[in-house]
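Reader: Before I set up any calculation on this chain, I would like to go through the model with you, question by question. Could you show it first?

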Amino acid sequence: MNTDTTEIDNMTFGKKLRQLRIKHNMSQKELGLLVHVTAQAVSKWEHDLSEPEFRVVKEIADFFQISVDQLFSSKLSAPYTGVLFTGKRAVKMRR
């Protein structure tokens with residue numbers, strides 16, 4: 001079994017995001033500019049204080065060339081609890 005994969009599988013969303021950002025030699029500001037948010041928002045995600053909208057999650061996954069599942073699947077992280085934005089209104093996702 002690959003140790004790197006095991007470590008990544010046991011990371012929270014925020015820790016995975018931070019690792020991906022650093023691996024790609026990006027600052028929080030650069031990632032924020034890419035997905036149209038502030039560096040402070042990226043910092044909150046990386047510290048697992050909040051989660052991005054699904055649109056942003058998709059943009060992040062596409063940029064890093066991984067699936068959304070890979071960003072969130074973990075034995076340690078909770079299911080995505082962010083807000084799903086539909087065409088008409090925001091709907092809070094249920095657990």
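This is a predicted model: local features need pLDDT of at least 70, side-chain atom pairs count only at pLDDT 80 or more; totals for chains, interfaces and linings use all residues.

Reader: What pLDDT does the chain average, and where is the pLDDT below 50?

Author: The chain averages a pLDDT of 79, and 67% of the residues score at least 70. Beyond near neighbours in sequence, one stretch with a pLDDT below 50 has one contact in the model, and that stretch is residues 1-6.

Reader: Among contacts between residues at least 6 apart in sequence, what percentage joins residues at least 24 apart, and what percentage of the residues counts as buried?

Author: Of the contacts in the chain between residues at least 6 apart in sequence, 53% join residues at least 24 apart. As for burial, the chain has 95 residues, and the part of them that counts as buried is 29%.

Reader: Which residues of H2 are buried, and what arc do they cover around the axis?

Author: The buried residues of H2 are Phe13, Gly14, Lys16, Leu17, Leu20 and Arg21. They lie on the same side of H2, because the arc that they cover around the axis is only 160 degrees.

Reader: Which residues are exposed on the other side of H2, and which residue with a positive phi follows the helix?

Author: On the other side of H2, the exposed residues are Lys15 and Lys23. The helix is then followed by a residue whose phi is positive, near 55 degrees, and this residue is Asn25.

Reader: Is Arg21 buried or exposed, and with which residues is it in contact once its neighbours within four places in sequence are left aside?

Author: Arg21 belongs to helix H2, which spans residues 13-23. Its relative accessible area is 8%, and since buried means under 20%, Arg21 counts as buried. With its neighbours within four places in sequence left aside, the residues in contact with Arg21 are Met26, Ser27, Gln28, Leu31, Glu46 and Phe64.

Reader: Why do the buried residues of H3 line one face of the helix, and which helices are included in what covers them?

Author: The buried residues of H3 are Leu31, Gly32 and Val35. Seen down the axis of H3, they fall within an arc of 100 degrees, and therefore they line one face of the helix. The face turned away from this buried side carries the exposed residues Lys29 and Leu33, while what covers the buried residues includes H2, H4 and H5.

Reader: How are H3 and H5 oriented to each other, and what is the handedness of the crossing?

Author: H3 and helix H5 (residues 54-64) pack with their axes 10 Å apart, at an angle of about 115 degrees, and that makes H3 roughly perpendicular to H5. The contact is made by Leu31, Leu34 and Val35 of H3 together with Arg55, Val56, Glu59, Ile60, Phe63 and Phe64 of H5. The crossing in which H3 passes H5 is right-handed.

Reader: Which residues is Leu34 in contact with, leaving aside its neighbours within four places in sequence, and what distance separates its C-alpha atom from that of Phe63?

Author: Leu34 is found in helix H3 (residues 28-35), where it is partly exposed, with a relative accessible area of 33%. Leaving aside its neighbours within four places in sequence, it is in contact with Glu59 and Phe63. Leu34 and Phe63 are 29 residues apart along the chain, and their C-alpha atoms are separated by 8.9 Å.

Reader: How are H3 and H4 oriented to each other, and which residues of the two helices meet?

Author: The axes of H3 and helix H4 (residues 39-46) come within 8 Å and cross at roughly 105 degrees, which makes H3 roughly perpendicular to H4. The residues that meet are Gln28, Lys29, Leu31, Gly32 and Val35 in H3 and Ala39, Val42, Ser43, Trp45 and Glu46 in H4.

Reader: Which residues of H4 are buried, and which helices do they pack against?

Author: In H4, the buried residues are Ala41, Val42, Trp45 and Glu46. They fall within an arc of 135 degrees seen down the axis of H4, so they line one face of the helix. The helices against which these buried residues pack are H2, H3 and H5.

Methods: Residues are numbered from 1 along each chain as its sequence is written. Side-chain values use heavy atoms; hydrogens and water are left out. pLDDT is the predictor's confidence in each residue, from 0 to 100. Contact means heavy atoms within 4.5 Å. Helices (H or I, at least four residues) and strands (E, at least two) are DSSP runs, numbered from the N terminus. Buried means under 20% relative accessible area, exposed over 50%, partly exposed in between (1.4 Å probe, protein chains only). The arc is that of the directions from the helix axis to the C-beta atoms. Axes are lines fitted to C-alpha atoms, for helices over the stretch in contact, and angles run from 0 to 180 degrees between N-to-C directions. Angles under 35 degrees count as roughly parallel, over 145 as roughly antiparallel, 65 to 115 as roughly perpendicular and the rest as oblique. A crossing is left-handed if the near helix is turned anticlockwise from the far one by less than a right angle, and right-handed if clockwise.
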